[in-house]
Amino acid sequence: MNSKPTLRWRIAQWLEIRWWRNYLRKQDVTTYAQQKRDYWQRLLAALNLSFTNRQTMLDAGCGPAGIFMILQDHQVDAVDPLLDQYERQLAHFSPATYPWVQFYTSSIEAYSIEKRYDTTFCLNAINHVANWDQGLDKISKLTKTDGTLVLGIDVHRNQFLKLLFRLLPGDVLHPHQHDREDYRKALNDRGWQITQELTWKKGLIFDYWLVVCQEQHSLDRTQV
């Protein structure tokens, strides 16, 4: 399978950093950070996710203000292809602020490490990758057999618009256009069972959809 980034993906990455610069330039650094921490806490509470024991965690496609911000009680790795640019261009991102996080400048597909994670988060990132199948393969491989995968995804609400957006660059920031059934099938094909689903935000074209997954054979063992 060809893993070479497409022109559309490279344009999307260029637009991504420009979007962040424009969005954050009027945002107070301290206020924005607190708003993001509150947002991530609400998201975990909505999914009834809590972590009582220290875990290994991955924030895949973390952006400059990912869920890594509130995981200070855990061993966290965070991965994003634009981290170096975030650090240079955004006052709102400083790796030194998060001593519990090891940051890696890498695409999700190219990220390579000799470990697997108890919990993998991939929030608003998987439809930004260069290669969708390879991205899903990688986050699946990186999650422990008895671990948890948490995805946040923009999913199409309308089949016609999904097909139209695939033909025309109507949403350049998202190189991949899929609906819920596409993701359900892709996750099931990789051995995942969705244990929770939540529509976090509704839109005219996309819903922002949260899913929590565990490997099927891991669930089978716990039910014996």
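Analyst: Buried residues, those under 20% relative accessible area with a 1.4 Å probe and protein chains only, make up 50% of the 224 residues in the protein. This is a predicted model, in which local features need pLDDT of at least 70 and side-chain atom pairs count only at pLDDT 80 or more, while totals for chains, interfaces and linings use all residues. Residues are numbered from 1 along each chain as its sequence is written, and side-chain values use heavy atoms, with hydrogens and water left out.

The protein has seven helices and seven strands, taken as DSSP runs numbered from the N terminus (helices H or I, at least four residues; strands E, at least two).

The largest pocket has a volume of about 1100 Å³. A pocket here is an open set of points, on a 1 Å grid over the protein atoms alone, where a 1.4 Å probe fits, with protein on both sides within 12 Å along at least five of seven lines. Grid points are joined across faces, edges and corners, and the volume is the space filled by probe spheres set on them.

Helix H1 (7-24), helix H2 (29-46), strand S6 (192-202) and strand S7 (206-215) each supply at least two lining residues; H1 gives the largest share, six residues. By class, the lining divides into 23 nonpolar, nine polar and nine charged residues, where Ala, Val, Leu, Ile, Met, Phe, Trp, Tyr, Cys and Pro count as nonpolar, Asp, Glu, Lys and Arg as charged, and the others, Gly among them, as polar.

Key. 1 Å grid on protein atoms, 1.4 Å probe; cavity = no way out; pocket = protein on both sides within 12 Å on 5 of 7 lines; lining within 4 Å.
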